[in-house]
Amino acid sequence: MEKNDKSALVFGGGGMFGAYQAGVWSVLQDKLEFDLLAGASIGAVNAWAAAANCPGGAWIDEWLRPEMSSLLQWRWPRHPLGGCIQRDAFERSIQDLHARLKPVKPCAVAITDVLRRRARAVLTPDVEWHHLAASCALPGIFPLYRVDGRLTMDGGLLGSVPLWAAVEQGATTIVAVNLLPSGGPWWLRSARQALLSFAHPGAPPPAAVKLLWIEPAQPLGTARDALVWTKSNAERWIDLGRRDAERALQTF
């Protein structure tokens, strides 16, 4: 990278597929220096850990903890905005992460304003635990949150990889980790397409921005796999993330 470059690592959303990003981070941490971390949905959680310079091995261990199996506890939604995931275990995990890991580099968390239909990024030191939770709030599945009085949902709903969040902070080189290269399951693609017809997604990066994509060389799994943690899946995705990151670096 040139002297005046500002580099960013951007993680996209994808539920439990996020274990793949832990594998990617374990490779990139010792190979590249980043000035900014950014993410949407589970990518925001992984970006938070990376911004805190959490060792790749330690972050992989987090993804392999047996407690991950009870992180997403399902229920019948009590109201339309409540989601099918119980708040308690999910919020405790996010609060613990936010308290334990303190970013040493800027971290941008992408969220979507529901009524304004507009994506925006919250930058450290203003990121609180509820911003991380709100970035994961997929309508109908995760509960939505109010942030600064605004109803807020998944930061990756208008585009799973928030490149715009890095561009807003002046990034000239971006490494983007996309968990859903095909756009995700049909219902997510359909919802995103419908929203984009009247919403305000972030602007795409200028042509001058150097961009490296890291994407799974093979499908990670089904929509159910993205919502239900199993250790065998997490281990497979972590290993694939490592291999894909090593391969991508050869072209960078």
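In this predicted model, the 19 residues of helix α9 should span 27 Å at 1.5 Å a residue, and its end C-alpha atoms are 27 Å apart, which agrees. The expected span is taken as 1.5 Å times one less than the number of residues. The points below take up the surroundings of this helix, then other parts of the chain.

**Helix α9 and its packing**
- The buried residues of α9 are N233, A234, W237, I238, L240, G241, D244, A245, A248 and L249.
- These buried residues pack against α1, α3 (56-63), β8 (210-214) and α8 (223-227).

**The crossing of α1 and α9**
- Helix α1 covers residues 19-28 and helix α9 covers residues 231-249; their axes come within 7 Å and cross at roughly 40°.
- That angle makes α1 oblique to α9, because an angle under 35 degrees would count as roughly parallel and one of 65 to 115 as roughly perpendicular.
- The crossing in which α1 passes α9 is right-handed.
- On the α1 side, the contact is made by A19, Y20, G23, V24, S26, V27 and L28.
- On the α9 side, A234, W237, I238, L240, G241, R242, D244, A245, E246 and L249 take part.
- Sorted by class, the contact of α1 with α9 has eleven nonpolar, three polar and three charged residues.

**Helix α2**
- Helix α2 (residues 42-51) is mostly covered, with ten of its ten residues buried.
- The buried residues of α2 are I42, G43, A44, V45, N46, A47, W48, A49, A50 and A51.
- N53 follows α2 and has a positive phi, near 60°.

**The loop residue G170**
- G170 lies in the loop between α6 (163-168) and β7 (173-177).
- Its relative accessibility is 39%, so G170 counts as partly exposed; that class lies between the limits of 20% and 50%.
- G170 and K6 are 164 residues apart in sequence, yet their C-alpha atoms are 6.7 Å apart in space.

**The protein as a whole**
- The protein has nine helices and eight strands.
- Of its 252 residues, 54% are buried.
- Among contacts in the protein with a separation of 6 or more, 76% are between residues 24 or more positions apart.

Key. Residues are numbered from 1 along each chain as its sequence is written. This is a predicted model: local features need pLDDT of at least 70, side-chain atom pairs count only at pLDDT 80 or more; totals for chains, interfaces and linings use all residues. Side-chain values use heavy atoms; hydrogens and water are left out. Axes are lines fitted to C-alpha atoms, for helices over the stretch in contact, and angles run from 0 to 180 degrees between N-to-C directions. Helices (H or I, at least four residues) and strands (E, at least two) are DSSP runs, numbered from the N terminus. Angles under 35 degrees count as roughly parallel, over 145 as roughly antiparallel, 65 to 115 as roughly perpendicular and the rest as oblique. A crossing is left-handed if the near helix is turned anticlockwise from the far one by less than a right angle, and right-handed if clockwise. Contact means heavy atoms within 4.5 Å. Ala, Val, Leu, Ile, Met, Phe, Trp, Tyr, Cys and Pro count as nonpolar, Asp, Glu, Lys and Arg as charged, and the others, Gly among them, as polar. Buried means under 20% relative accessible area, exposed over 50%, partly exposed in between (1.4 Å probe, protein chains only).
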